[in-house]
Amino acid sequence: MKYISTRGKAPALNFEDVLLTGLAPDGGLYVPEKLPTYSAEQIAAWSKLSYAELAFEIVKPFVDDCIPQEDLRAIVNDSYSDFRHGAIAPLVQIDQNEWVLELFQGPTLAFKDFALQMLGRLLDYVLERKNQKVVVMGATSGDTGSAAIQGCKRCKNLDIFILHPYQRVSEVQRRQMTTVAGDNIHNIALKGHFDHCQAMVKASFADQSFLPEGRQLVAVNSINWARIMAQIVYYFYAGLALGAPGRKVSFSVPTGNFGDIYAGYLAKQMGLPIDQLVIATNCNDILHRFVSNNRFEKQELQHTLSPSMDIVISSNFERMLFDG
Ligand SMILES: *Cc1c(COP(=O)(O)O)cnc(C)c1O
């Protein structure tokens, strides 16, 4: 499988190279050249699979021949071994035709564990094989940092640096990030806001000359394709549990950078019968305004009680615009 940039002026990459990149050199985001698609019969044949087995089936064509299948199966199985619930993503019925998909059963309670547990293992596997070491760098308002550190803590071939705004993350998340023992884990508390952390990370990616010879930065925010890929799985898992492909399902998804709901959009493109995808936002509602008025306009950031959804522009939206 080849990956191309949404801006069309960067070389096509394979899965391994996409895994180790952030933005494409032309400023775009990498997307698969062509999505795998599945018939209703093929999807129905997955209905008895465990979460990890289903994850393997869905991830396989995206990884393609970059990782031998038995190794990939082991990586995927291991990625969900630290989850507290046997179903990994249990569905809980709350009303006649309404369910909650519990995406908080992972080690840090954030849904980001679903992707970052796998991303850390995929990175370590390809780096080990290439005999290469990289530096993971990211900014967080809480969720991403905790999940990225948990996902990378056993990786021998990378150092991880997470910037968070000093005294502006929750006490639970501060502890989740700063109490993980490991020589490769580095937390930086910056006096300022999340945006300052983000700006420093962006500047570091733009000019990596400060790194030692042979090192490069790797992104673990949702511009990394592998994160989106891993999240496609739970849309299929929930859909199958609720009677798809024989029955249509809809999802309402709390949205920030448009990574999670974009994975749902991809599941639909791949053949899952999704009726509606509801973009749930807080008052930082650029996506809601776009869908309602067809205008994609920046507004000043408002800080809320849901900081993971506090964004001015959702970067993954570019991936969907590219598709449209
Ligand atoms: C990351 C996160 C979001 C936003 O998800 P996106 O993939 O960026 O749209 C929303 N809610 C919580 C709790 C999160 O951790």
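Biologist: Helices here are DSSP runs of H or I with at least four residues, strands are DSSP runs of E with at least two, and both are numbered from the N terminus. With that settled, where does Leu109 lie?

Modeller: Leu109 is in the loop between β4 (98–101) and α5 (113–130). Keep in mind that this is a predicted model, where local features need pLDDT of at least 70, side-chain atom pairs count only at pLDDT 80 or more, and totals for chains, interfaces and linings use all residues. Residues are numbered from 1 along each chain as its sequence is written, and side-chain values use heavy atoms, with hydrogens and water left out.

Biologist: What is the phi of Leu109?

Modeller: Near 75°, a positive value in a residue other than glycine. Most residues other than glycine have a negative phi, and most peptide bonds are trans.

Biologist: Peptide bonds next. Which residues does the cis bond join?

Modeller: Ala244 and Pro245, with omega about 5°. Pro245 belongs to the loop between α9 (225–241) and β9 (249–254).

Biologist: How many salt bridges are there?

Modeller: The count is 11. The rule wants a side-chain nitrogen of Lys or Arg within 4 Å of a carboxyl oxygen of Asp or Glu. Side chains of opposite charge can pair when their charged atoms come close.

Biologist: Start with Glu70. What does it pair with?

Modeller: Arg73, at 3.5 Å, N to O. Both residues lie in helix α4 (residues 69–79), 3 residues apart, about one turn of the helix. Glu70 is exposed at 53% relative accessible area, while Arg73 is partly exposed at 31%.

Biologist: What is the partner of Asp82?

Modeller: Asp82 forms a salt bridge with Arg154, and their closest N and O atoms are 3.5 Å apart. Asp82 is in the loop between α4 and β3, and Arg154 is in the loop between α6 (143–152) and β6 (158–165), so the pair ties together parts that are 72 residues apart in sequence. Asp82 is partly exposed at 32% relative accessibility. Arg154 is exposed at 54%.

Biologist: Now Glu171. Which residue does it bridge to?

Modeller: Arg175, with the closest N and O atoms 3.1 Å apart. Glu171 and Arg175 both lie in helix α7 (residues 171–178), 4 residues apart, about one turn of the helix. Each is partly exposed: Glu171 at 40% relative accessibility, Arg175 at 48%. Elsewhere, salt bridges that share partners join Glu16, Arg129 and Lys130 into one network.

Biologist: Cysteines next. What is the disulfide count?

Modeller: 0 disulfides, with a disulfide taken as a pair of cysteine sulfur atoms within 2.5 Å.

Biologist: How far is the sulfur of Cys152 from the closest cysteine sulfur?

Modeller: 4.7 Å, to Cys155, and that is too far for a bond. Cys152 is buried, with a relative accessible area of 2%.

Biologist: And Cys283, what is its relative accessible area?

Modeller: 36%, which makes Cys283 partly exposed. Cys283 also lines the largest cavity.

Biologist: How many cavities does the search find?

Modeller: Searching the whole structure gives 1 cavity of 30 Å³ or more. A cavity is a set of points on a 1 Å grid over the protein atoms alone, where a 1.4 Å probe fits but cannot get out; lining residues have an atom within 4 Å of a point. The largest cavity has a volume of about 40 Å³.

Biologist: What else lines the largest cavity?

Modeller: Asn284, Asp285, Ile286, Arg289, Gln299, Glu300, Ile311 and Val312.

Biologist: Last one, the surface. Which residues form the nonpolar patch?

Modeller: Val92, Ile94 and Val100, with about 220 Å² of accessible area together. Patch residues have over 30% relative accessible area and no salt bridge, with nonpolar side chains (Val, Leu, Ile, Met, Phe, Trp, Tyr) joined within 5 Å and like charges within 9 Å. Areas come from the Shrake-Rupley method with a 1.4 Å probe.

Biologist: Where is Ile94 placed?

Modeller: In strand β3 (residues 91–95). Ile94 is exposed, at 52% relative accessible area.

Conventions: Buried < 20%, exposed > 50% of the residue type's maximum accessible area, 1.4 Å probe, protein only. 1 Å grid on protein atoms, 1.4 Å probe; cavity = no way out; pocket = protein on both sides within 12 Å on 5 of 7 lines; lining within 4 Å. Points joined across faces, edges and corners; volume = space filled by probe spheres on them.
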